[in-house]
Amino acid sequence: MVLEYQKHNLVRQISSASLNAIYKRPDGVAYPVVTNYADVVLTWQPNATDTSFVGVGRLEIRVTFGDVVGKSTRILTIVEDALVDGIVEPPEPPAQEWLNKVLAALAELDIDEINNLLNLTYNLLNNNYDLLNTTHNLVEDTRENLYRRTGILLNHLHPIETASAPDMISRRAAITFNNIANGNNVVIGMITYTFVTALGSPAANNVQVLIQDTLRNTVKTLARAIRGIDDEMNIAYGTGTDPNPICTAYWTSQRFSIGSYYR
């Protein structure tokens, strides 16, 4: 180890005899060390005596100028243990040892067994997908039943038409159907519901409702269309009609009613 110490301004004006270094070894013994001064650089190269004790030492540079002695900040030195000799063969690199373990583990794998396991996992995923589809359909059916039963409760608990405070706007209404023919319309808000014998492609704000085998079933289909139920065989929706943005509708064995979404 070589330690160099340089004083640019003051050192340029003094001789090497004015510079010296005091070293305190880790064992506590302090003494001047041999240094070399050249080109305004003071160099110390520790010898065996300086490094004979392991631990932390301190070095101090002193500059003498007349009767004035200047001292540098103490410089910490560290002496560590030397490595022990006598190693005959170097150990294998850690990466090679890890690779050997991986190769050994791969050699013990049964490819056919792994392939069977992958096929089993794939089949289980397919089964879960089918179960999710079934669950989705059950949820849709449950939602439809809840809508229908809610409509039944509302129709039985409330008059056909009422007015609510504070604006006294009618919240519920009823429509009576005696007969439904091809081309008949029902207008609710901005949406026109047209009864047809064959579904086509309705324009925006128009819905086509297929006439069913009975008047009752046709009115049921109208109620489903107002709620926006997907039924490609019986209902065709135009843009902005799925569901009706201002009201909902239910059919029961007693009446067909329409109510606003206001709570």
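1. Of the 263 residues of the protein chain, 27% count as buried. Keep in mind that this is a predicted model. The chain's accessible surface comes to about 18500 Å². Carbon and sulfur atoms account for 55% of that surface.

2. Next, the secondary structure. The protein chain has 3 helices and 17 strands. Now look at contacts between residues at least 6 apart in sequence: 49% of them join residues at least 24 apart.

3. Turn to helix H3, residues 215-227.

4. Which residues of H3 are buried? They are Thr218, Val219, Thr221, Leu222, Ala223, Ala225, Ile226 and Arg227. An α-helix has 3.6 residues a turn, so residues three or four places apart point the same way. With that in mind, find Thr218, Leu222 and Ala225 in the model; they are among the buried residues of H3.

5. Is Thr221 buried or exposed? Thr221 has a relative accessible area of 7%. Buried means under 20%, so Thr221 is buried.

6. What does Thr221 touch, leaving out residues up to four places away in sequence? Its contacts are Val209, Gln212, Asn234 and Ile235.

7. Finally, check the residue just after H3. That residue is Gly228, and it takes a positive phi of about 80°.

How values were computed: Residues numbered from 1 in each chain as written. Predicted model: local features only at pLDDT ≥ 70, side-chain atom pairs only at ≥ 80, totals over all residues. Heavy atoms only, no water. Helix = DSSP H or I, 4+ residues; strand = E, 2+ residues; numbered from the N terminus. Buried < 20%, exposed > 50% of the residue type's maximum accessible area, 1.4 Å probe, protein only. Contact = heavy atoms within 4.5 Å. Areas by Shrake-Rupley, 256 points an atom, 1.4 Å probe, with all protein chains shown as cover. Expected span 1.5 Å × (residues − 1).
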